Amino acid sequence: MTATPELQPKFVEKRTIDYIPPSERHGRPISLLFVWFAANSSITALVTGALMTILGNSALWSIPAILLGNILGGYITALHSAQGPQLGVPQMIQSRAQFGFYGAILPLVLALFIYIGFYATGLVLGGQALGLLFHVSPQIGAILFAVFCALSAIVGYRWIHRFSHLPAFLSAIVFVWLIVVMVTGDMGESITASNGFAMAPFVLGVSLSASWQLTFGPYIADYSRYLPETTSQNATVGWTFLGSVLGASLAMTVGAFAAFLGGDAFSGSEVGYITDLAGKFGVIVLLAVILGKLAGNTLSAYGGFMSITTIVSAFTKQNHLKSYTRMLFILGVTAVALAIALAASENFLTVFQNFLLFLLYFMTPWSAVNLVDFYLVRNKKYDIKGLFDPNGIYGKFNWIAYIAYLAGVIVQIPFMNSAIYVGPIAYLLNGAEIAWILGVVVSAVLYYLMTGNLRRRVKAAAA
Ligand SMILES: Nc1ccnc(=O)[nH]1
């Protein structure tokens, strides 16, 4: 039997954190619509949306909270997408230009927490769905699911793009249809009757939705880095934005309505509840959940392994991995995520989401520094060799980025409202959560102000 073209070695990705040369650039930016719609319209987004009504928003006021948060956060996140075609390297390695060759290890480790955290929660929820589909326990489901996610990440970039079309279409149909089921008949009447407004849960809902988008920051440019350098920046950012915002808003609205209608019947068996809503079409809902979460988890496995590779390469100076080393790294990330998923109880999921929200406070200042550097300081021009050289122009450790970054984290402390810590101002605001906005603004402004010399040099060099 001859292998199909898809299975020929060319289809399995060879590159890791190295620069993608012009001869290997390919694809069109519209592909990002599918990648980001698929990753965002996931069961994890649905559960995040459920928090809207669980935290006290009415069913109807959940919708503007979801839209506003996703649009605000999604815009910032989508701006990272233009870095892919322009620089041709993964998202997180670009941090070396701001933080320095060794300094970038801090944001890389933080990103790794995000990758593994979302990977593990995804394995729990995907495992539930796979368990229901194959009539096996959720634990066996999670193990099977981990194997699929790892394989998918091993095959890599081209597969990720091509495969995303299927979950994107399937999730769009299934989630729209679930909304139709919930807004008609008796259920629809309870939803329209739930229309009261309360400020604190609304603001918290906006922030949770924004944080859903912003925690994708470390992922973004990885999936645009093979696009030709001449690709339109507006198209790259625009399709990323549209896919992310539409996908997440749709899934979150389903979650907000389902948690409102289901109450305790929803919490703890989220997948089972929405499957039951679909009646005899439950199997299709399960497929949408599984394939959608496979798309999202693949990104976490893929980004996780590239972050580890970047951290390790700072010491070994090896920027190109052998195929089996690449595979081992992906399996290693998968094993850690699976171990966490298997140890997780139902309660763990809530705890873990809070932990991830907490990480958000540390990630948004990174986004701010990284984006200001790209758009406003260096005018999108980087010395790619310098990103791989500890003695290159970006240096080993850049204290300017660290000050801007740490100031953005510290300014958030009094405003933080998480399960781990509630700051005094958040307390006065009745739990309204605005910390991340301050983190973004303070880090962005400080980094811009402190890079005056650098900006003048960049201007002089361009003139
Ligand atoms: N908000 C998210 C960021 C990264 N991965 C996810 O599944 N979700």
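A cavity here is a set of grid points where a 1.4 Å probe fits but cannot get out. The views below come from a predicted model.

**View 1. The second largest cavity and its lining.** The count comes to 6 cavities of 30 Å³ or more. The second largest cavity has a volume of about 100 Å³. Its lining includes the aromatic residues Phe118, Tyr119, Trp212, Phe216 and Tyr219. Ala39, Thr215, Lys293, Gly296, Asn297 and Ser300 also line this cavity. By class, the lining has 6 nonpolar, 4 polar and 1 charged residues.

View 2. Helices α6 (105–134) and α14 (282–316) each give at least two residues to the lining of the second largest cavity. Which helix supplies the largest share of that lining? Helix α14 does, with 4 residues.

**View 3. Packing of α6 against α14.** The two helices that meet at the cavity lining also pack on each other, at an angle of about 155°. Their axes lie 8 Å apart. Angles over 145 degrees count as roughly antiparallel, so α6 and α14 are roughly antiparallel to each other. The crossing of α6 and α14 is left-handed. Sorted by class, the residues of this contact are 23 nonpolar, 8 polar and 1 charged.

**View 4. Packing of α1 against α12.** Helix α1 spans residues 31–40, and helix α12 spans residues 233–262. Their axes are 7 Å apart, at an angle of about 25°. Because angles under 35 degrees count as roughly parallel, α1 is roughly parallel to α12. The crossing of α1 and α12 is right-handed.

**View 5. Residues at the α1–α12 contact.** From α1 come Leu32, Leu33, Trp36, Phe37 and Asn40. On the α12 side, the contact residues include Trp239, Leu242, Leu246 and Leu250. Thr236, Thr240, Gly243, Ser244, Gly247, Ala248 and Ala251 of α12 take part as well. The contact divides into 10 nonpolar and 6 polar residues, with no charged residue.

**View 6. The surroundings of Tyr375.** Tyr375 sits in helix α16, which covers residues 346–377. Leaving aside residues up to four places away in sequence, Tyr375 touches Leu79, Ala82, Gln233, Val237 and Lys380. How far apart are the C-alpha atoms of Tyr375 and Gln83? They are separated by 9.5 Å, although the two residues stand 292 residues apart along the chain.

How values were computed:
Residues numbered from 1 in each chain as written. Predicted model: local features only at pLDDT ≥ 70, side-chain atom pairs only at ≥ 80, totals over all residues. Heavy atoms only, no water. Axes fitted to C-alpha atoms, helices over the stretch in contact; angles between N-to-C directions. Parallel < 35°, antiparallel > 145°, perpendicular 65-115°, else oblique. Left-handed = near helix turned anticlockwise from the far one by under 90°. Contact = heavy atoms within 4.5 Å. Nonpolar A, V, L, I, M, F, W, Y, C, P; charged D, E, K, R; others polar. 1 Å grid on protein atoms, 1.4 Å probe; cavity = no way out; pocket = protein on both sides within 12 Å on 5 of 7 lines; lining within 4 Å. Points joined across faces, edges and corners; volume = space filled by probe spheres on them.
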